[in-house]
Amino acid sequence: MARIVWITEQFGRGGGMAVSSRRLVNSLRDRAHSLNVLHLIRKRDADGNEGFVFEDLEGQWTAINAHDDLERLFFLKRRAMEGCVLVGFGGGIPGYLAALWGKWLKTPSVVMFRGNDLDRISHDPSRGWMVQFAAERADIVCAVARDMVARIEGMTGRPALFTPVGIIPERWRAFPSDEETARRLRAKFSPDGRPLIGIFGHLKYKKGLPIVVDVFQNYGMGSHARLLAVGELPGDMAALIDTSYPPFLAVESFVDRESLVAYYLACDIVFIPSFYDGMPNVLLEAMVCKRVIVGSRAGGIPDVITDGQNGFLFDAGDSIGAADVLSRVLSFSPDALKNIGLNAFQTVSTQFTASHEADILESAILGLQKGT
């Protein structure tokens with residue numbers, strides 16, 4: 001059994017990072033490892049104050065507004081961290097603290113890069129040094145995409161570990177009620193029966209929103225299919241939609257995770273046109289729902305998709321390529337699309353499960369404890 005301190009800014013029911021963080025923590029706890037979560041939160045109270053607050057509950061330490069007083073955390077919990085494996089979930093502050101405190105306490109450290117923490121923070125002159133520090137000094141450095149592994153190895157000259165994201169397939173099983181809801185959603189969002197293409201998640205720039213606009217408005221996809229956007233839109237895009245609502249577009253801003261299965265099932269294609277990415281949960285969730293994916297060759301997407309077998313790929317940032325692939329997929333027979341969806345399901349349910357994800361991380365942690 002390992003003793004682990006899990007340092008993270010993402011935990012709980014929020015976005016993809018938070019969901020992944022909780023999933024891994026629960027998986028390791030289910031395997032009888034002792035694990036304390038140190039959750040770093042920025043938050044104002046009702047009066048607008050941003051004072052330091054530390055809550056010490058069994059299995060979780062919550063540090064509110066500790067980012068400007070991180071040394072206090074170290075001296076508060078240094079004894080409790082001695083002899084533990086320190087895991088920084090994210091290559092910014094969590095990864096930096098895991099690597100730094102690991103050296104100070106002479107205890108092993110693991111840093112897990114997930115996406116923005118490498119791509120965005122590395123390009124921030126005020127914070128990029130944290131990425132370099134963590135990547136060079138952690139005992140094990142993990143990344144969710146093979147291209148990220150290669151970049152980290154290029155930065156450090158040291159091997160990095162490919163730790164693909166996993167999901168729990170059983171939680172995405174479709175019930176008859178989901179299928180009935182999906183039929184109603186299709187009738188609502190595509191009343192004329194045109195194919196429905198879905199984009200999901202926090203629809204920010206890196207997720208390729210400009211490619212979506214290009215494909216539908218400038219390359220004619222809007223005349224062949226309808227677009228369903230499920231998730232939070234940036235303010236400027238939301239304002240544009242409010243003033244000029246395209247006839248091919250429908251937006252559902254707030255859909256809880258428990259209802260997402262029906263939205264996936266309602267779509268003929270799930271479109272993931274990221275400019276850069278980690279390994280998005282949407283990719284695996286849609287595949288385990290047997291949806292056909294058209295995704296860019298960004299981040300971990302090509303680690304999961306074999307073009308033409310369990311989904312389709314185009315070069316990141318290539319609007320013309322994306323439009324061509326979507327048009328080609330829309331010309332396929334229903335049986336051909338069904339087979340692609342079945343292959344997608346098989347890929348995720350055998351190779352990208354939460355159990356597989358935890359196996360890799362657990363093996364690395366136990367190897368550190370044994371000094372291997």
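The buried residues of helix H14 are Leu-337, Ile-340, Gly-341, Ala-344, Thr-347 and Val-348. They span an arc of only 120° around the axis, so they sit on the same side of H14. The model described here is a predicted one.

**Helix H14**

- H14 covers residues 334–351, which makes 18 residues.
- From first C-alpha to last, H14 reaches 26 Å, close to the 26 Å expected at 1.5 Å a residue.
- Asp-335 and Lys-338 are exposed, on the face of H14 turned away from its buried side.

**Nonpolar cores**

- In soluble globular proteins, nonpolar side chains tend to be buried together.
- The largest nonpolar core here has 77 residues.
- Which residues have the most contacts inside this core? They are Trp-101, Phe-113, Phe-200, Tyr-264, Val-270 and Leu-283.
- Helix H3 (residues 93–105) gives the most to this core, with eight residues.
- Another core lies apart from the largest one. This other core has 27 residues, among them Ile-211, Ala-225, Ala-229 and Ala-322.
- Leu-283 touches Ile-272, Ile-293, Ile-301, Val-304 and Ile-305, leaving aside residues up to four places away in sequence.

**Helix H3**

- H3 has 13 residues. Its span from first C-alpha to last is 17 Å, close to the 18 Å expected at 1.5 Å a residue.
- H3 is mostly covered, with 11 of its 13 residues buried.
- The buried residues of H3 include Tyr-96, Leu-97, Leu-100, Trp-101 and Leu-105. Pro-94, Gly-95 and Gly-102 are also among them.
- The cover over the buried residues of H3 includes strands E1, E2 (34–41), E5 and E6 (109–113). It also includes helices H2 (70–81) and H5 (128–137).
- Lys-106 follows H3 and has a positive phi, near 55°.

**Helix H2**

- The buried residues of H2 are Leu-70, Leu-73, Phe-74, Lys-77 and Met-81.
- Seen down the axis of H2, these residues fall within an arc of 115°, so they line one face of the helix.
- Phe-75 and Arg-79 are exposed on the other side of H2.
- What covers the buried residues of H2 includes E1, E2, strand E3 (53–57), strand E4 (60–64), E5 and H3.

**Aromatic rings**

- Taking rings as paired if their centres lie within 6.5 Å, the count comes to 10 aromatic pairs.
- Why is the pair of Trp-6 and Phe-89 stacked? Planes under 30 degrees apart count as stacked. The planes of these two rings are at 25°, with the centres 5.5 Å apart, so the pair is stacked.
- Trp-6 lies in strand E1 (residues 3–8), and Phe-89 lies in strand E5 (residues 85–89). The pair therefore ties together parts that are 83 residues apart in sequence.
- Buried means under 20% relative accessible area. Trp-6 is at 0% relative accessibility, so Trp-6 counts as buried. Phe-89 is buried too, with a relative accessible area of 1%.
- The rings of Phe-271 and Phe-314 have their centres 6.0 Å apart and their planes at 45°, so this pair is tilted.
- Phe-271 is in strand E12 (residues 269–272) and Phe-314 is in strand E14, so the pair ties together parts 43 residues apart in sequence. Both Phe-271 and Phe-314 are buried.
- Phe-74, Phe-75, Trp-101 and Trp-104 are linked into a cluster by ring pairs.

**Charges over rings**

- The charged end of Arg-72 sits over the ring of Phe-52, 4.1 Å from its centre.
- Lys-290 lies over the face of Phe-345, at 5.1 Å from the ring centre.

**A loop residue**

- Where does Thr-163 lie? Thr-163 is in the loop between strand E8 (161–162) and helix H7 (176–189).
- Thr-163 has 3% relative accessibility, so Thr-163 counts as buried.
- Leaving aside residues up to four places away in sequence, Thr-163 touches Met-112, Cys-142, Ala-143, Val-144 and Ile-360.

Technical notes: Residues are numbered from 1 along each chain as its sequence is written. This is a predicted model: local features need pLDDT of at least 70, side-chain atom pairs count only at pLDDT 80 or more; totals for chains, interfaces and linings use all residues. Side-chain values use heavy atoms; hydrogens and water are left out. A nonpolar core is a set of buried Ala, Val, Leu, Ile, Met, Phe, Trp, Tyr and Cys residues joined through side-chain atoms within 4.5 Å. Buried means under 20% relative accessible area, exposed over 50%, partly exposed in between (1.4 Å probe, protein chains only). Helices (H or I, at least four residues) and strands (E, at least two) are DSSP runs, numbered from the N terminus. Contact means heavy atoms within 4.5 Å. The expected span of a helix is 1.5 Å times one less than its number of residues. The arc is that of the directions from the helix axis to the C-beta atoms. Rings of Phe, Tyr and Trp (its six-membered ring) pair if their centres lie within 6.5 Å; planes under 30 degrees apart count as stacked, over 60 as edge-to-face and the rest as tilted. A charge sits over a ring if NZ of Lys or CZ of Arg is within 6 Å of the ring centre and within 35 degrees of the ring normal.
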